[in-house]
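Subject: Structure handover

Hi,

Here is the structure for you to look over. My notes follow below.

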Amino acid sequence: MKTLLKTEIGGKTLSIETGKIAKQASGSVVVQYGDTIVLVAVVSSQEERTIDFLPLTVEYQEKGYAAGRIPGNYFRREIGRPSEKETLTARLIDRPIRPLFPKEYRFETQVIATVLSMDQENDPDILAMIGTSAAIEISDIPFAGPIACVRVGRIDGQLKINPTVDQYENMDINIIVAGSKTGVVMVEGGGNIVSESDMLEAIFFGHQAMQPLLDMQVKLKEINGVPKRPFTPPQKDDELVEKVEPQASPRIYQALMIPEKIKRSVALRVIKSDIIEQLGGDYVDRKSEVNNIFNDILKKISRDIILKDRHRIDKRKFDEIRPITCEVGILPRVHGSALFTRGETQVIGVLTLGSGRDEQRVETLLGEEQRPFMLHYNFPPYSVGEVRRIGGPSRRDIGHGGLSTRAMEKTLPAKEEFDYTIRLVSEVLESNGSSSMGTVCSGTLALMDGGVPIKAPGSGIAMGLVKEGDDVAILSDILGDEDHTGDMDFKVAGTKDGITALQMDIKIHELSRDIMGKALEQARVGRLHILDRMLEALKEPRDQISPYAPIIITLNINPDKIREVIGPGGKIIRAIQTETDTKLEIDDQGVVKIAAFSKEEADAAVKMIDEIVMEPEVGEIYEGTVVKIMDFGAFVQIMPGTDGLVHISQLANRRVNKVSDIVKEGDRIKVKVLEINRDGKIRLSHKAVLEEEK
């Protein structure tokens, strides 16, 4: 049945339509906002898989045709590897919906969101998230929804729902908030160093604004929804539980008291192996059941240690930060480096500075973007004691890098102040809790070590939550195990004055304002503690950049001289670059940027450009070349592209009957500038030079 529903959100109409296209999917909707349109289709297999996780995949696709563009790659089509924006948006969709599927749901499920039209004003990522919830709601897939989401921006102190793309630059808060009817389920975004209270206000401003979207999905389900497929989670064998629990519980508790991650993991594996062996051959084909029971016991004990014993598995207090050490300048030939260690999480940040040519050029639906700041996050398998094939960056790598980028870019200097392309690489060397926030800390110190004049140093922290009814524990600087068994992963980054980035995911159905406010305040205290430890290693950016970094010099020339610097077919500019071993860039306004690896090379390039663009001055003497002889005088080129006339009466301090009696084409003579008229014509004199030399 074809249905079209509409509601007002952010002062514009948002519509959801179903029953018209993609009808063979389990559920499909078309979401429109302005002229931006996104199709979302979801399918869940009818065959259950024998695995121990939810087999959910989310794909978000931006088609070039949506913005009237032909892809710029060789094949002129959308290639297999998704863009960074597509990957980050797919993660945005995945994270809030994953906890809403039944715990034991093992049917292969795929969400595909496709941008069909993009109006250059309304970002399609929000529509894809709304459409995903709506498509699952009307399908037969069991789902504890609906959820909705909005983007919240703040412009000139005023909060705005779903601001347009061209307003992003003027916003000091830019977050995406996803929520249910009664609480928030996900937050992603950042701010330009804003307070915790302002960020909390923005989050729940967004939650209030999304209510019509939730109501619309409820109505859509009433009209078009199909009965949910019967699904009953497999029941645990009580007899098997009774056999495993008495053996496992005391040993698991003791193992959880081991402070080192690897030793703790080994001890738990040994316990599990011993239990399976003790159960005997009758249970050899039920290892998966035993494993699930073991993990349930492990999770319960981990949570009881926090909620009942009131401490954590590594004996820390809830708000206690692990020991921190920081070192800077550890790599001699890079442009900046820092090693940040917090407990068993260790990250090295490496800085490389480049010229404008090194900027990343990214093709998007809005056109080509140039990015002067790049942060690349790498998570090698040895960082968690694993062996696996190394490939390109994973979705997780891109997601963590995106979060770290948002956290740091607001602290970078303006391009006019520091005209370098900046690349930071984060190499995770050990991981046991929040390597993305370790990336922020190591990256900040690497920038400072490299002499980048950042506005303020920043740090980051990951917060956790364990909640059973009204019993709540908020945890600072969580371990990997606490993330796994807890209910929240809330990362917050910023300077001493406010937040620059945050990312919140929860495993429970929603989070209240009170809990989130407490988590933000506890995060602020922890973040400042981490920042204090960082500043003990390096208090402020170094006065000078690395001697191995390129030197960037900017010149302003007359735009009329651009062609002369470039030369026919780029001949002149190539010659300058080859002769001085530099890189040159020139824009249409006459701004010339010179990148060199030594001051001597930079000075040589400046000298050559100055000679080309030099403007003649009245009264100055120049040595030029005779380029043309006429009956009334000779034309002399006094600098590249600039020549003037020496009248026959100004060729000598005597009467001249014939110009060729004094000079010939190609002769070098000294001339003095007598006049430059309004048309730019230059009157020269060789006679005046001769008289001055007497």
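How many aromatic pairs does the structure hold? The structure holds 8. A pair means rings of Phe, Tyr or Trp (its six-membered ring) with centres within 6.5 Å; planes under 30 degrees apart are stacked, over 60 edge-to-face, the rest tilted.

Ground rules: this is a predicted model, where local features need pLDDT of at least 70, side-chain atom pairs count only at pLDDT 80 or more, and totals for chains, interfaces and linings use all residues. Residues are numbered from 1 along each chain as its sequence is written, and side-chain values use heavy atoms, with hydrogens and water left out.

Phe107 and Phe231 are edge-to-face, because their planes stand at 80 degrees, with centres 6.3 Å apart. Phe107 is in strand 6 (residues 107-117) and Phe231 in the loop between helix 4 (211-224) and helix 5 (238-256), so this pair ties together parts 124 residues apart in sequence. Helices (H or I, at least four residues) and strands (E, at least two) are DSSP runs, numbered from the N terminus.

Tyr377 and Phe379 are stacked: 6.3 Å between centres, 10 degrees between planes. Both Tyr377 and Phe379 are buried (under 20% relative accessible area; exposed is over 50%, partly exposed in between; 1.4 Å probe, protein chains only).

Two charges sit over rings (NZ of Lys or CZ of Arg within 6 Å of the ring centre and within 35 degrees of the ring normal). Arg229 has its charged end over Phe107, 5.5 Å from the ring centre. For Arg396 over Phe379, that distance is 4.0 Å.

Backbone: Gly145 and Pro146 are joined by a cis peptide bond, omega about 0 degrees.

Best wishes
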